[in-house]
Amino acid sequence: DLPNARHYHLPHRFDFAAPLPWPACPDARIAFVGRLDAFHKGLDLALCALKELKNEGKRFRFTLYGEGPDREYLVRLVQYLGLENEVIFAGYAKSVREVWERNELLFMPSRHEGCAVAMTEAIGFGRPVVATAVGGAPEWIEDGVTGFSAEAPTVSLAADALRRAMSERSRWPEMGLAAHATFKKTMPERPAKVFLEAL
């Protein structure tokens, strides 16, 4: 414990009063939202994990929303892995809400992370998350309830977490509701007010 330290949540940008309606998708729609930084965000792990699932006959679409220094490398990696039909580079998203109106699951196997804003936004909109147990993720993801957790940032563990998620896709809407309930319970309605009152 740090006696002179306190933890505060960042203010959020959206109204998360209710979860978004669930999208109707024949194949699993999985998204990543954030900076295309392959090492930090574990995007190389994500693509290699998705290759394993494709080899097992799983059907999905993985859309990466964002830009960053590793975009060209990731495009080449997608080609190398033969995932051109499954992976879409959507670029910068003007509306995060629209991202989660179209997608069902956030996949973020980061190697190191604080408390990812993209993760709390997905949860706030009522979407389950598959992420590595780094940074703030364990505070938000209850394995099998609000999402699925990989114990460490490796391809095999990321693939196993996503494999477990895919096997329970019928429960994703239920898990999204649980994720939204966690958001409402955990996140103050006005985080900046809490911080200012503490000052």
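Helix H2 and helix H7 cross with a right-handed sense, where right-handed means that the near helix is turned clockwise from the far one by less than a right angle, and left-handed that it is turned anticlockwise. The contact brings together Leu45, Cys48, Ala49, Leu50, Glu52 and Leu53 of H2 with Val155, Ala158, Ala159, Leu162, Arg163 and Met166 of H7, with contact meaning heavy atoms within 4.5 Å. Sorted by class, this contact has ten nonpolar, no polar and two charged residues; Ala, Val, Leu, Ile, Met, Phe, Trp, Tyr, Cys and Pro count as nonpolar, Asp, Glu, Lys and Arg as charged, and the others, including Gly, as polar.

Before we go on, a word on what you are looking at: the model is predicted, with local features needing pLDDT of at least 70 and side-chain atom pairs pLDDT 80 or more, while totals for chains, interfaces and linings use all residues. Numbering starts from 1 along each chain as its sequence is written, and side-chain values use heavy atoms, leaving out hydrogens and water.

Now to the geometry. Two packed helices are described by the angle between their axes and the distance between the axes. H2 spans residues 43-55 and H7 residues 155-167, and their axes come within 8 Å and cross at roughly 55°. Here helices are DSSP runs (H or I, at least four residues) and strands likewise (E, at least two), numbered from the N terminus. Axes are lines fitted to C-alpha atoms, for helices over the stretch in contact, with angles from 0 to 180 degrees between N-to-C directions. H2 and H7 are therefore oblique to each other, since angles under 35 degrees count as roughly parallel, over 145 as roughly antiparallel, 65 to 115 as roughly perpendicular and the rest as oblique.

H2 has another partner, helix H3 (residues 71-81), packed at an angle of about 15° with the axes 10 Å apart. That makes H2 roughly parallel to H3. Leu43, Asp44, Leu47, Cys48 and Lys51 of H2 meet Tyr73, Leu74, Leu77, Val78 and Leu81 of H3, giving eight nonpolar, no polar and two charged residues.

Further along, the axes of helix H5 (residues 117-124) and helix H8 (residues 172-186) come within 7 Å and cross at roughly 110°. That makes H5 roughly perpendicular to H8. Thr120, Ile123 and Gly124 of H5 touch Ala179, His180 and Phe183 of H8, a contact with three nonpolar, three polar and no charged residues.
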